[in-house]
Amino acid sequence: MSSNDVNRIWIKGGHLIDPATKTDGPRDLLIENGRIAAVDTKLNANPGDVQVIDATGLVVTPGLVDIHVHLREPGQSYKETIASGTAAAAAGGFTSVAAMPNTIPVNDSAEITRWMQAPERDARARVYPIGAATVGSMGATLTNYEALRDSGAVAVSDDGKPILGDETMRAVLSAAAAAGLPVIQHAEDTRLTGGCSMNAGPLAFRLGLRGMPVEAEAGIVARDIALLRELDDDRAHLHVAHLSTKKALDHVRAARHSGLHVTCEVTPHHFVLTEEAVDEYDAHAKMNPPLRTVEDRDAMIEGLLDGTIDCIATDHAPHAAHEKEQEFERAPNGITGLETSLGLSLAVLHRRHGMSLLQILALLSARPAALLGLAAGTLAVGATADVVLLAPETEWAFRASESRSRSRNTPFDGWSLPGKVRLTMREARIVHREDPSIRQP
Ligand SMILES: [Zn+2]
């Protein structure tokens, strides 16, 4: 076969950071037929046979992985579609996203799981559906985990709601272990959070809002860990979504020290903001779990630094303007996050807390991919060519009005962030580019 028959791309002169292979240095990358063909300090390809992309001055890193997004399709395409949500993902450097099942209808079947992955959805990032743990996420009857898994689901969850009943959660952990799927828990004891719209404490009292106590999160995490221990099945994997409190993090840390397979994620907003952001009744600071205290936020940063927190996930939760623009207690929970996750991580974890780019990019690629067993998040030879070119020190202003998402509900509008994504490539196809002179090979 002559080389003209092969689709070849040479990414030249960049600084490669691939946490999965612990590479952090100058490397060229050769892509052939959608896969990484070579990684070397100096490649010698014949420029006539390849498309050359000049990465001088840029970091070359794997496409990022977000294991917690809400793409709103099927059912609420006025908030977001799979196409618009994954366009936002690509702009933020993400090439793999795991989509929560709280769509309309709820994704509790193989049919919807397949529909979400169909080429007609026009996704720019690979979409990995998460199946509902119970039918309609109603917390009663378990869904068919083997059928969900075989149609492409990578975990089960009733996110948006907790799996509350002890008997149900016991059965979910057991059935998911047998199917080889992680259970992702939205840890909220809703018996303690009815009518609540922010964190409990003096600020909620002053604002006249009902507050969610720390115990509502920590209590469910402790209960789930106890059930996992009691199940005593090596295949069982409990993952705590959007952890927000020091107390719940302490439970996770202790469980891991005792050898249990418990993992957790944190969102950028929970390690960047505190409940003070709610002070003006700004619904763009309303989310569930709520923004917490300085002590909780600092515990999240500590957990990222010491490795107790496995990964960063956005909980990207688009809502239309008319939904957010109503009184605070009525406004829906959640914010968009795919375009700001990397910049916020670099601003806080790298600049303020001295975390290396390798460590931060691990939390955004290799570690979430490993957590869900995804074939993504590395640039090792043979891997799928999901590649991001990043200008790590370049400051840019995030403008909600320019977002690729259909929704604009973000508290970060106008923030200046470091780290500009110049190019995102999924399976060797350009899915986002800043510089139009870079053409699709
Ligand atoms: Zn949730």
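Guide: One term to begin with: a disulfide is a pair of cysteine sulfur atoms within 2.5 Å. This is a predicted model, in which local features need pLDDT of at least 70, side-chain atom pairs count only at pLDDT 80 or more, and totals for chains, interfaces and linings use all residues. Residues are numbered from 1 along each chain as its sequence is written, and side-chain values use heavy atoms, with hydrogens and water left out.

Visitor: Ok, how many disulfides does a search of the whole structure find?
Guide: The search finds 0 disulfides. Take C311, which is in no disulfide: the nearest cysteine sulfur belongs to C264 and is 7.9 Å away.

Visitor: And is C311 buried or exposed?
Guide: C311 is buried, at a relative accessible area of 0%. Buried means under 20% relative accessible area, exposed means over 50%, and partly exposed is in between, with a 1.4 Å probe and protein chains only. C196 also counts as buried, at 13% relative accessibility.

Visitor: New topic. How is the chain divided?
Guide: Into domain 1 (8–61 + 384–394 + 404–433) and domain 2 (63–372). Those bounds come from an automatic or database domain assignment. The C-alpha centres of the two domains lie 27 Å apart.

Visitor: How many residues does the contact take from each domain?
Guide: It takes 35 residues from domain 1 and 49 residues from domain 2. Contact here means heavy atoms within 4.5 Å.

Visitor: And how much area do they bury between them?
Guide: Domain 1 and domain 2 bury about 3300 Å² between them, with 63% of it on carbon and sulfur atoms. Buried area is the accessible area (1.4 Å probe) that two parts lose on being put together, summed over both.

Visitor: Which three residues supply more than any other three on the domain 1 side?
Guide: R406, N409 and F412, which supply 21% of the area that domain 1 buries against domain 2.

Visitor: What about charges? How many salt bridges are there between domain 1 and domain 2?
Guide: The count is 4 salt bridges. A salt bridge is a side-chain nitrogen of Lys or Arg within 4 Å of a carboxyl oxygen of Asp or Glu. There are also 17 residue pairs in polar contact between the domains, both residues being at pLDDT 80 or more. A polar contact is a pair of N or O atoms within 3.5 Å; within protein, one must be able to donate a hydrogen and the other to accept it, and residues adjacent in sequence count only if both atoms are side-chain atoms.

Visitor: Which element gives the largest share of the side of domain 1 that touches domain 2?
Guide: β18, with 7 residues. Strands are DSSP runs of E, at least two residues long, and helices are runs of H or I, at least four residues long, numbered from the N terminus.

Visitor: Back to salt bridges. How many are found in the whole structure?
Guide: The search finds 27 salt bridges. One of them joins D279 and R206, with the closest N and O atoms 3.5 Å apart. D279 lies in the loop between α8 (268–272) and α9 (294–306) and R206 is in helix α5 (residues 202–207), so the pair ties together parts that are 73 residues apart in sequence.

Visitor: Are those two buried or exposed?
Guide: D279 counts as partly exposed, at 24% relative accessibility, while R206 counts as exposed, at 56%.

Visitor: What does D310 form a salt bridge with?
Guide: With R256, the closest N and O atoms being 2.7 Å apart. D310 sits in the loop between α9 and β16 (311–312) and R256 in helix α7 (residues 246–257), so this pair ties together parts 54 residues apart in sequence. D310 is buried, at 10% relative accessible area, and R256 is partly exposed, at 25%.

Visitor: Last one: where is G93?
Guide: G93 is in the loop between α1 (82–91) and β7 (94–99). This residue is buried, with a relative accessible area of 0%.

Visitor: Which residues is it in contact with?
Guide: Leaving aside neighbours within four places in sequence, G93 is in contact with G63, L64, V388, V421 and T424. The C-alpha atoms of G93 and R426 are separated by 9.9 Å, although the two residues are 333 residues apart along the chain.
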